[in-house]
Each structure stands twice: as structure tokens, then as C-alpha cells.
Amino acid sequence: MQAKSILHPTDFSPVSQSAFQFACTLAKARDYQLIVLHVQNIGDTIMGEFGMVQPAPTETAQARHRLDTVEPPPPMRIERLLNRGDPAQQILAVARSTPCDLIVMGTRGHSALHDPLLGSVAAEVVRHAPCPVLTLTPQRGGSV
């Protein structure tokens, strides 16, 4: 029997922090493993004379440090992943390869009008995820 798991993608924003707390509550209540994923967006890289300029080692080290400091309340099983690439595609790839039972992620809460025009990581994940996706948006006061 395969272990049950919840995937929590994070960009370390306050909305992601709130979603992380909710994911922890769900994982702990069901004795699921929590997979915390941060994706360094290669879309933010620049093209140099000889191709794509990779994120500086310090940026990767900083992301790894932030990911390593994400701590759920004990006792919980947690796995931390740091991937590079398109965030939505990396989230979907991890969701398929794990396979996870649920994705819990924060979203900025833009209207549906923004999704087709600007794109949204959460909208892309919801459309193509191999499992249910729970998205949490900030309330007007700023909390989730």
C-alpha cells in the first residue's frame, strides 16, 4: 500500500504560509506525508550571449535555506523538494510522480478575467492536476 500524501507548493508568500498551515492540519489529521515544493521559475532567468543564464548559486542556496526552515508541527512526515522550471509544470510533474492525494496551495485570488489574460499557476494546476486541488485565497483583510 502506498503512503498517502499532500503536496504543498510554496513561493514563501504570506498566502502560501497560510495554505501551508492548512495543509499541515489536514496531513496531521489523516496521518499523511506532507510534500513541500518550491519551484525556482526559469521564466525569470535571462538570456545571455551563450544561452540561458542560470540562477546564481546564492539564489538557489537561499531558496534551499528557506525551504529547509519550513517546519510543520511534530510529529509529521515531511519531504522538501526544490525544483527549477515552470512552476505549474513542475507542480503537476511532482503531483503525478508522487502520486499525491491532494494539492493544497495559496493563490492571489485574482478574478477569472485575469486567468486567461495573465495566466495563473493555480489555475493551470487546477485544470490539469491528477488529483483534487484545494486553493486558498486571501480575505479582504489579508489573511486566508
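Asn83 sits in strand 5; helices (H or I, at least four residues) and strands (E, at least two) are DSSP runs, numbered from the N terminus. The model is a predicted one, so local features need pLDDT of at least 70 and side-chain atom pairs count only at pLDDT 80 or more, while totals for chains, interfaces and linings use all residues. Residues are numbered from 1 along each chain as its sequence is written, and side-chain values use heavy atoms, with hydrogens and water left out.

Back to Asn83: its side chain makes a polar contact with the side chain of Gln90, at 3.1 Å. A polar contact here is a pair of N or O atoms within 3.5 Å; within protein, one must be able to donate a hydrogen and the other to accept it, and residues adjacent in sequence count only if both atoms are side-chain atoms. Setting aside its neighbours within four places in sequence, Asn83 is in contact (heavy atoms within 4.5 Å) with Leu37, His38, Val39, Gln40, Gln90 and Val94.

Stepping back, the chain has five helices and seven strands. Followed along the sequence, they give the pattern β-α-β-β-β-α-β-α-β-α-α-β. Of the 144 residues, 38% count as buried, where buried means under 20% relative accessible area, exposed over 50%, and partly exposed in between (1.4 Å probe, protein chains only). Among contacts between residues at least 6 apart in sequence, 74% join residues at least 24 apart. The chain exposes about 8500 Å², with carbon and sulfur atoms supplying 55% of that area; accessible areas come from the Shrake-Rupley method with a 1.4 Å probe, and for residues only the protein chains shown count as cover.

Now for the lead-up to helix 1. Phe12 is in the loop between strand 1 and helix 1, and it has a positive phi of about 70° although it is not a glycine. Most residues other than glycine have a negative phi, and most peptide bonds are trans. Phe12 is also buried, with a relative accessible area of 14%. Ser13 lies in that loop too, between strand 1 (5-9) and helix 1 (14-30). Ser13 is buried at 12%, and its side chain makes a polar contact with the side chain of Asp11 (2.7 Å).

Helix 1 itself has 17 residues and reaches 25 Å from its first C-alpha to its last, close to the 24 Å expected at 1.5 Å a residue; the expected span is 1.5 Å times one less than the number of residues. Its buried residues are Val15, Ser16, Ala19, Phe20, Ala23, Cys24, Leu26 and Ala27. What covers them includes strand 1, strand 2 (33-41), strand 6 (102-106) and strand 7 (133-136). After the helix comes Asp31, in the loop between helix 1 and strand 2. Asp31 has a positive phi of about 55° without being a glycine, and at 59% relative accessibility it counts as exposed.

In helix 3 (residues 87-97), the buried residues are Pro87, Ala88, Ile91, Leu92, Val94 and Ala95. They cover an arc of only 160° around the axis, which puts them on the same side of helix 3; the arc is that of the directions from the helix axis to the C-beta atoms. Cover for these residues includes strand 1, strand 2, strand 5 (78-85), strand 6 and helix 5 (121-128). Gln89, also found in helix 3, counts as partly exposed at 39% relative accessibility. Gln89 and Val125 are 36 residues apart in sequence and 8.0 Å apart in space, C-alpha to C-alpha.

Over in helix 5, Ala122, Ala123 and Val125 are buried. Seen down the axis, the buried residues of helix 5 fall within an arc of 165°, so they line one face of the helix. At the start of this helix, a side-chain oxygen of Ser120 reaches to within 3.4 Å of the backbone nitrogen of Ala122.

With a disulfide taken as a pair of cysteine sulfur atoms within 2.5 Å, the count comes to zero. Cys131 is in no disulfide, and the nearest cysteine sulfur, that of Cys100, is 3.6 Å away. Cys131 counts as buried at 12% relative accessibility, and Cys24 is buried too, at 2%. Lastly, the peptide bond from Pro74 to Pro75 is cis, with omega near -10°; Pro75 is found in the loop between helix 2 (57-68) and strand 5.
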